[in-house]
Amino acid sequence: MSFGSINLTNQFLIAMPGIAGDTFAGTVIYLCEHTDKGALGLVINKPIDIKLKSLFEKVELELDRVDLAESPVYYGGPVQTERGFVLHEQLDDQEGRFSSSLRIPGGLEMTTSKDVLEALASGNGPTKILVTLGYSGWGAGQLEDEMGRNTWINVEAEPEIIFHTPVEQRYDKALSLLGIDTAMLSADAGHA
């Protein structure tokens, strides 16, 4: 039974300071899917020590796009960390262009199949991408419970922050969508 169900698909989840030391401390997550069965999102501001060019080489592809070769791969979350997830703008030209894509209503697309990497390697494919290893997942009711405990705040996602904002500014930029400055946040949850 759901009490006032919420749908946070195509929103940013911004970690509150109270979860310091946690896997999600200081993170911004783009929520790809949120249903009554659970939620799936990708952390957009935690680069790892792997460049796209190197990731492509691991899957035996050559990435010739100079604009992407030195881009970092990101830590998407603690689930399936050996698996790649590609967050990219929606491609209008062909519905279902890649074999495993999730089209996020009003938002982006998330593809898990190798064909998106093959398209990128051949100079095609989406222009704006963010590649993660792993994802962040929640079971039924788990995210709602965390929201109720002030673990996260949410705001409508802005693709500009994902694709054009320097990684070290993404947390503050996401907060600024709510009119909040980082200095205004307290690690102590409470009610006035």
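Analyst: A residue counts as buried when its relative accessible area is under 20%, as exposed when over 50%, and as partly exposed in between. In this predicted model, E109 has a relative accessibility of 5% and is therefore buried. The side chain of E109 pairs with that of R103 in a salt bridge, with N and O 3.2 Å apart. R103, for its part, is partly exposed because its relative accessibility is 29%. Side chains of opposite charge can pair when their charged atoms come close.

The structure contains three salt bridges. One of them links D67 to R65, whose closest N and O atoms are separated by 3.0 Å. Here R65 is buried, since its relative accessible area is 13%. A salt bridge also joins the side chains of D145 and R149, at an N to O distance of 2.9 Å. With 44% relative accessibility, D145 counts as partly exposed.

The side chain of S113 forms a polar contact of 2.4 Å with the side chain of D115. A polar atom of the S113 side chain also lies 3.2 Å from the backbone nitrogen of S100. Leaving aside residues up to four places away in sequence, S113 touches F98, S99 and S100.

Conventions
Residues are numbered from 1 along each chain as its sequence is written. This is a predicted model: local features need pLDDT of at least 70, side-chain atom pairs count only at pLDDT 80 or more; totals for chains, interfaces and linings use all residues. Side-chain values use heavy atoms; hydrogens and water are left out. A polar contact is a pair of N or O atoms within 3.5 Å; within protein, one must be able to donate a hydrogen and the other to accept it, and residues adjacent in sequence count only if both atoms are side-chain atoms. Contact means heavy atoms within 4.5 Å. A salt bridge is a side-chain nitrogen of Lys or Arg within 4 Å of a carboxyl oxygen of Asp or Glu. Buried means under 20% relative accessible area, exposed over 50%, partly exposed in between (1.4 Å probe, protein chains only).
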